[in-house]
Amino acid sequence: MYMTEGEICYRYRINGCYGEKHISILAQLNACTCKEIDAILRKNGLIPKPKKYWKKRK
């Protein structure tokens, strides 16, 4: 990775948070996968974590 976590979060926030398109651009700039960028953004609270729903059995 060429950018620190702080720089990635800053660039994601400043560019309008365009979602998947911007994540792929950040991944290309850092020569890493989209999953790694997604994990960094989730870790820093910029993307909400998916809710886990459990079905209760009767």
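**Overview. Contacts across the chain of a predicted model.** Among contacts in the protein with a separation of 6 or more, 47% join residues 24 or more positions apart. The model is predicted. It has three helices and zero strands. Along the sequence, the pattern reads α-α-α. The protein has 58 residues, and 26% of them count as buried.

**View A. Helix α1 and its buried face.** Helix α1 covers residues 5-14. Which residues of α1 are buried? They are I8, C9 and Y12. Looking down the axis of α1, these buried residues stay within an arc of 95°, so they line one face of the helix. An α-helix has 3.6 residues a turn, so residues three or four places apart point the same way. The buried residues of α1 pack against two partners, α2 (20-30) and α3 (34-43). Look just past the end of α1 for G16, where phi is positive, about 90°.

View B. C9 is one of the buried residues of α1. What does C9 touch, once its neighbours within four places in sequence are left aside? The contacts are I40, L41, N44 and L46. Of these, I40 and L41 are among the buried residues of α3.

**View C. Where α1 meets α2.** Two packed helices are described by the angle between their axes and the distance between the axes. For α1 and α2, the angle is about 145° and the axes are 11 Å apart. From α1, the contact uses I8, R11 and Y12. From α2, the contact uses H22, I23, L26 and N30. The crossing of α1 past α2 is right-handed.

**View D. The two sides of helix α2.** Five residues of α2 are buried: H22, I23, L26, A27 and N30. Seen down the axis of α2, they fall within an arc of 145°, so they line one face of the helix. Turn to the other side of α2, and E20, K21 and Q28 are exposed. The buried residues of α2 pack against α1 and α3.

**View E. N30, a buried residue of α2.** N30 lies in helix α2. Is N30 buried or exposed? N30 is buried, because its relative accessible area is 0%, and buried means under 20%. Leaving aside neighbours within four places in sequence, N30 is in contact with M1, Y2, M3, I8 and I37. Among these, I8 is a buried residue of α1, and I37 is a buried residue of α3.

**View F. A31, between α2 and α3.** A31 sits in the loop between α2 and α3. A31 counts as exposed because its relative accessible area is 60%, and exposed means over 50%.

**View G. The two sides of helix α3.** In α3, the buried residues are I37, D38, I40 and L41. Seen down the axis of α3, they fall within an arc of 160°, so they line one face of the helix. K35 and K43, on the other side of α3, are exposed. The cover over the buried residues of α3 includes α1 and α2. Just after α3, G45 has a positive phi of about 80°.

**View H. E36, partly exposed in α3.** E36 belongs to helix α3. E36 has 39% relative accessibility, so E36 counts as partly exposed. How far apart are E36 and I23 in sequence and in space? They are 13 residues apart in sequence and 9.6 Å apart in space, from C-alpha to C-alpha.

**View I. The largest nonpolar core.** In soluble globular proteins, nonpolar side chains tend to be buried together. Here, the largest nonpolar core holds 12 residues. They are M3, I8, C9, Y12, I23, L26, A27, C32, I37, I40, L41 and I47. Which elements give two or more residues to this core? They are α1, α2 and α3.

Notes:
Residues are numbered from 1 along each chain as its sequence is written. This is a predicted model: local features need pLDDT of at least 70, side-chain atom pairs count only at pLDDT 80 or more; totals for chains, interfaces and linings use all residues. Side-chain values use heavy atoms; hydrogens and water are left out. Buried means under 20% relative accessible area, exposed over 50%, partly exposed in between (1.4 Å probe, protein chains only). Helices (H or I, at least four residues) and strands (E, at least two) are DSSP runs, numbered from the N terminus. The arc is that of the directions from the helix axis to the C-beta atoms. Contact means heavy atoms within 4.5 Å. A nonpolar core is a set of buried Ala, Val, Leu, Ile, Met, Phe, Trp, Tyr and Cys residues joined through side-chain atoms within 4.5 Å. Axes are lines fitted to C-alpha atoms, for helices over the stretch in contact, and angles run from 0 to 180 degrees between N-to-C directions. A crossing is left-handed if the near helix is turned anticlockwise from the far one by less than a right angle, and right-handed if clockwise.
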